[in-house]
Amino acid sequence: MTTALALLDAGHRVTIFDPDEALQAASWGNAGHIAVEQVEPIASPATLASLPRHLLDRDSALSLPWRAAGAWLPFGMALARAARPAAFAAGRAALTSLISGAMQAWVDLVERLGEPDLLIREGHYIVWDTPESARLGMARLQAMRAPTASFRPVTAQETEELARLTGRPPAGALRTMDSGQIASHTRLHAALKRAILQAGGVWKAEAASPEVDSTGLCHIAGHGAFSHVVMAAGIGSRPLMEQLGHRVPMIAERGYHLHSSGTHWPQTMLPVVFEDRSMIVTRFENGVRASSFVEFATPDFPADPRKWALLRQHLAALNLPFDLPGAEWMGARPTLPDYLPAIGRSRRIGNLFYAFGHNHLGLTLGPVTAALMAELIAGDTPRIDLTPFDLARFSRKDAA
């Protein structure tokens, strides 16, 4: 949607194909967090070092269902290669360059939509359950030195607010000062769609079927030719790109949430990351949401009810004023093994562009990715080097 709007504003005629009328995609089920502090790809030496502990803990936020091993085993091997120190350092540099423009792109977007209050730039809290985990967690964040975010200890007043939330002071807490959140997923979707239609965009609530015609260009079956085709279909991008001859080693990294009315949750509370439980709780205009879990599987793999049960256990154990049982949601983040998105132009099909695979950062990076796509399609030099995000990195033939 952000890419469509950027292209409309650049003077293109644009048709969107989007069958997700129920808003079940990961973009609408996430924690609403603009995560400019997350400059380190999850494919990292630290992730590999923590893997045995997660696999031995039956209540871990990481899940590798045996029935989905055919999906996550080859993905995991590729992730391990991407987590080697040199590859991780290169990935961190690439992701930092992309995230550096994310917040300003969000500011520009909500101004363009005429709804600046959709973006809340107040930061968020990170809290720990025990003094030892707090000591280790704070040291890790201080060592990270993210150029896009800063962390500071919570004030006495903030500690009191967090204590009122759980009934006891946190063992340790930091406030991230440069992150943000959106106020409402539904209002954001409505504002984007309204702006697209007002700018002359055509909206089709149906799936597109891309094909390569006799001239070697991409067109949409049943809809004729387009001068440019942008593949930005999230987890649905893999089968569509593969039918066009590209290799896309993307997995469905599924997340779960519970959403309640928020009757008893403080209206002004910032998002709170409960680090030891890998859970974030966010206040929105239409309620409060608790989100967690990394489950590697296929998009159509059955949801695991134990995940929602464990979320409820965490909420109860923390004594949070979250109205249970809460509405259940599960969705699939589109994740590539190196935890970098795919942003670029096809080396096989001249009029095909792509922007997908943003894993946990789809909401964060949507507007800045849109600006990059508009620059690419205009033939301009993109504002950052897109080489690390080229899909050809997964295919020796294409890379050559």
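This is a predicted model: local features need pLDDT of at least 70, side-chain atom pairs count only at pLDDT 80 or more; totals for chains, interfaces and linings use all residues.
**First stop: helices H6 and H9**

Select residues 102–113, which form helix H6, together with residues 185–198, which form helix H9. The two helices pack at an angle of about 65 degrees, and their axes are 10 Å apart. That angle makes H6 roughly perpendicular to H9. The crossing of the two helices is left-handed.

To view the contact itself, display the side chains on both helices. H6 contributes Trp 106, Leu 109, Arg 112 and Leu 113. Facing them in H9 are Leu 188, Ala 191, Leu 192 and Ala 195. By class, the residues of this contact comprise seven nonpolar, no polar and one charged.

**Second stop: Glu 158**

Next, select residues 156–166, helix H8, and locate Glu 158 within that helix. Is Glu 158 buried or exposed? Its relative accessibility is 6%, and because buried means under 20%, Glu 158 counts as buried. Now display Tyr 125, Arg 152, Pro 153 and Arg 175: Glu 158 touches each of these residues, with those up to four places away in sequence not counted.

Move to the open sheet of three strands whose order is E2-E8-E4, with antiparallel pairing. Strand E2 (33–34) and strand E4 (119–120) stand at the edges; each has a single partner strand, so one side of each is left without a neighbour in the sheet. Select residues 180–182 to see strand E8, which pairs with E4 in the antiparallel sense over two bridges. Which residue of E8 is the bridge partner of Leu 119? The partner is Ile 182.

Select residues 218–220 for strand E11, which is joined to E12 by two bridges. Within the sheet, Ile 220 stands opposite Gly 224 in E12.

Finally, select residues 342–345 for strand E19 and residues 352–356 for strand E20. These strands pair in the antiparallel sense over four bridges. Ala 342 has Phe 356 in E20 as its bridge partner.

How values were computed. Residues are numbered from 1 along each chain as its sequence is written. Side-chain values use heavy atoms; hydrogens and water are left out. Axes are lines fitted to C-alpha atoms, for helices over the stretch in contact, and angles run from 0 to 180 degrees between N-to-C directions. Angles under 35 degrees count as roughly parallel, over 145 as roughly antiparallel, 65 to 115 as roughly perpendicular and the rest as oblique. A crossing is left-handed if the near helix is turned anticlockwise from the far one by less than a right angle, and right-handed if clockwise. Contact means heavy atoms within 4.5 Å. Ala, Val, Leu, Ile, Met, Phe, Trp, Tyr, Cys and Pro count as nonpolar, Asp, Glu, Lys and Arg as charged, and the others, Gly among them, as polar. Buried means under 20% relative accessible area, exposed over 50%, partly exposed in between (1.4 Å probe, protein chains only). Two strands pair if DSSP finds at least two bridges between them.
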